[in-house]
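Trainee: I've got a new model on my screen and I'd like to learn how to read it. Can you walk me through it?

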Amino acid sequence: MSPAAITAALVTGTATPTGLGPRIAASILQVAAVAVGGPLLVGLMAKIRARAEGRIGAPISQPLRDLRKLVRKERIHAEHASAVLTLAPLVLVASAAVAVAISPLVITAPVLAGGADAFVVVYLLLMGSVALALGGLDPGTAFGGMGSSRAMTIGALAEPALLVSILALSIQAETSNLPGIVTATLAHPGWMANPERLLALVAVVVVVIAETGRIPVDNPSTHLELTMIHEAMVLEHAGPDLGLVTLGEAMRLGLLFGLVANLFFPWGIATNASLPHLALGVGVLGAKAAAIALVIALIEVSTAKLRLFRVPELLSGAFVLAVLAVMTGLVTR
Amino acid sequence: MSAGTELDLVELTAGVVLACAVVTLWRRDLRALVAVLALQGVALAALAAVLALHTGDVGLGVVAGVVLLAKGLVIPNLLARVVRRDPGSRETTPLVNVPASLVAAAGLVIVAYLSAGRLTSLFPSPVTRLAPLGLATVLVGFFVLVTRRKAVSQIVGLLLVDNGVALVAFLLTAGVPLLVELGASFDVLLVVVVLQVLATSMRARFGHVDLDQLRELHD
């Protein structure tokens with residue numbers, strides 16, 4: 001089956017023998033898995049960091065317990081803030097949930113797989129970032145504005161690198177449809193060792209570190225005003241709103257880890273919506289995401305946070321690697 | 001070894017050579033530059049060795065050995081010796097800052113891809129199609145040469161150009177004659193030795209190896 005035919009089949013929904021109902025169920029399963037798995041990944045990374053630093057650390061389920069605690073708290077709204085502050089967490093979680101539902105995480109062809117273009121998914125993620133930045137600006141406090149401006153700077157640099165490295169994969173697969181790329185890679189296992197994929201993988205890992213706000217770009221556990229990026233932006237959220245922001249960020253992290261895992265190493269992903277396949281898909285996705293979490297947590301432990309003005313160097317490096325990946329893909333095609 | 005695996009290996013090593021060239025723009029630490037240069041030399045030698053195995057050409061095999069010895073071991077060791085005498089020395093203020101030079105590298109890579117099309121269309125084959133990677137290495141090497149200030153980074157730029165030329169030669173003609181490669185390697189080796197003497201006497205006289213400071217005459 002040629003890549004173009006695979007895409008066409010995905011768009012028309014004939015790629016899998018399963019009907020619409022099971023695919024909707026599979027999409028809901030994906031959202032549920034990422035909503036629970038994302039916070040667990042955050043907890044796992046904190047645990048690995050703690051162990052590597054010689055501490056015992058909080059249990060892996062700590063982020064989930066924090067979420068439960070936040071949801072039970074009273075809603076408090078900043079005095080001068082408008083509806084933007086209230087809407088921002090909802091937009092963040094909703095955009096992340098849509099992106100998760102259509103991406104090839106547990107199954108290759110979830111509902112609306114034909115629309116799961118790389119650009120659609122990347123811009124759904126961007127929509128959440130913009131909503132969060134607006135929420136940071138809305139109360140008019142100094143730290144919120146500073147955090148938003150920094151987050152947008154980093155986002156604007158990370159975006160092209162992410163898109164260009166997915167482009168390197170789509171040149172090979174002849175489609176920018178994410179399920180199409182995953183299906184084509186499953187059909188050609190030899191692609192996984194190609195030089196352009198290795199270059200694109202390095203670029204994507206740097207982008208994921210920047211997008212999820214990990215060291216060396218941002219320190220997720222800092223509360224020192226001058227170094228904060230993400231924490232400064234969400235400073236004005238409290239109670240259930242803060243819970244939603246935390247959940248949305250964790251879901252984005254889960255989505256990005258899952259996409260990296262499946263775009264580059266699509267072993268074990270379910271190709272149809274039967275129960276054993278889906279169960280295997282969830283298990284394998286969890287294992288692959290945990291492996292990526294291990295790698296990124298070890299990077300975090302072994303590096304120091306970069307000065308803010310050095311972050312563009314890191315991200316432009318990732319961009320050049322992505323361009324190299326595209327060029328290598330073009331010459332070896 | 002099957003033909004497919006050989007082609008994969010050639011693609012991988014050619015990709016490593018170009019990636020190393022870009023990493024030299026990324027890093028400021030001179031020790032890291034020398035390490036990257038050594039890796040590039042080893043990748044180039046591996047590429048020559050794979051091509052030699054593929055064609056059964058003994059001369060090319062000897063060339064691979066010469067490349068490994070000169071570009072993978074001897075030259076990086078000489079450079080490492082220069083760097084070691086000046087510990088903590090970094091490329092602090094290149095003429096073009098690091099993000100801008102990385103973006104420029106991306107531009108050079110695209111230029112190389114667009115301009116090498118005519119060259120590769122003379123004799124299209126799976127191996128010659130990779131020639132733009134070598135051309136891009138040459139261009140990035142020239143860029144390092146004109147924008148970096150330290151003597152060591154400039155010599156690294158020169159060696160990048162040399163490695164890029166060698167890569168293009170291996171890919172387009174399946175190897176240079178042994179005599180030419182021996183001559184070129186010996187040439188580069190001489191340049192590095194001269195640089196070592198120059199850097200040593202520069203440090204003895206001025207206390208630094210910043211070539212940019214040498215534009216004015218002093219008593």
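Predicted model: local features only at pLDDT ≥ 70, side-chain atom pairs only at ≥ 80, totals over all residues.

Trainee: Is A:I292 buried or exposed?

Mentor: You count neighbours: 20 or more other C-beta atoms within 10 Å make a residue buried. A:I292 has 21 of them, so it counts as buried.

Trainee: What share of the contacts in chain A joins residues at least 24 apart?

Mentor: Taking contacts between residues at least 6 apart in sequence, 81% are of that kind. As for burial, 53% of the 333 residues of chain A count as buried.

Trainee: And what is chain A built from?

Mentor: Helices: there are 12 of them, and zero strands. For overall size, the C-alpha atoms fill a box of roughly 60 × 45 × 40 Å along the principal axes. A compact globule with 333 residues would have a radius of gyration near 20 Å, and chain A agrees, because its value is 20 Å.

Trainee: What should I expect of phi and the peptide bond in general?

Mentor: Most residues other than glycine have a negative phi, and most peptide bonds are trans. Here, A:L112 has a positive phi near 60°; you'll find A:L112 in the loop between α4 (83-102) and α5 (118-137) of chain A. A:E174 also has a positive phi, near 60°, and belongs to the loop between α6 (142-173) and α7 (178-187) of chain A. With 15 C-beta neighbours inside 10 Å, A:E174 counts as partly exposed. As for the peptide bond, the one from A:I215 to A:P216 is cis, with omega near 10°.

Trainee: How many residues does each chain bring to the contact between A and B?

Mentor: Chain B gives 20 residues and chain A gives 16. On the chain B side, α1 (3-26), α4 (98-115) and α6 (131-147) each supply at least two. By class, that side has 16 nonpolar, one polar and three charged residues.

Trainee: Which residues have the most contacts inside the largest nonpolar core?

Mentor: In general, nonpolar side chains tend to be buried together in soluble globular proteins. The largest core here has 177 residues, and those with the most contacts inside it are A:A203, A:A322, A:L324, B:A48 and B:V140. Helix α2 (residues 30-55) of chain B provides its largest share, 15 residues. Have a look at A:L324 too: setting aside residues up to four places away in sequence, A:L324 touches A:L199, B:L18, B:A19, B:V22 and B:V109.

Terms used
Residues numbered from 1 in each chain as written. Chains lettered and ligands numbered in written order. Contact = placed C-beta atoms within 7 Å. Helix = DSSP H or I, 4+ residues; strand = E, 2+ residues; numbered from the N terminus. Nonpolar A, V, L, I, M, F, W, Y, C, P; charged D, E, K, R; others polar. Rg over C-alpha atoms; globule rule 2.2 N^0.38 Å. Buried ≥ 20, exposed ≤ 12 C-beta atoms within 10 Å, placed from the backbone. Core = buried A, V, L, I, M, F, W, Y, C linked by C-beta atoms within 7 Å.
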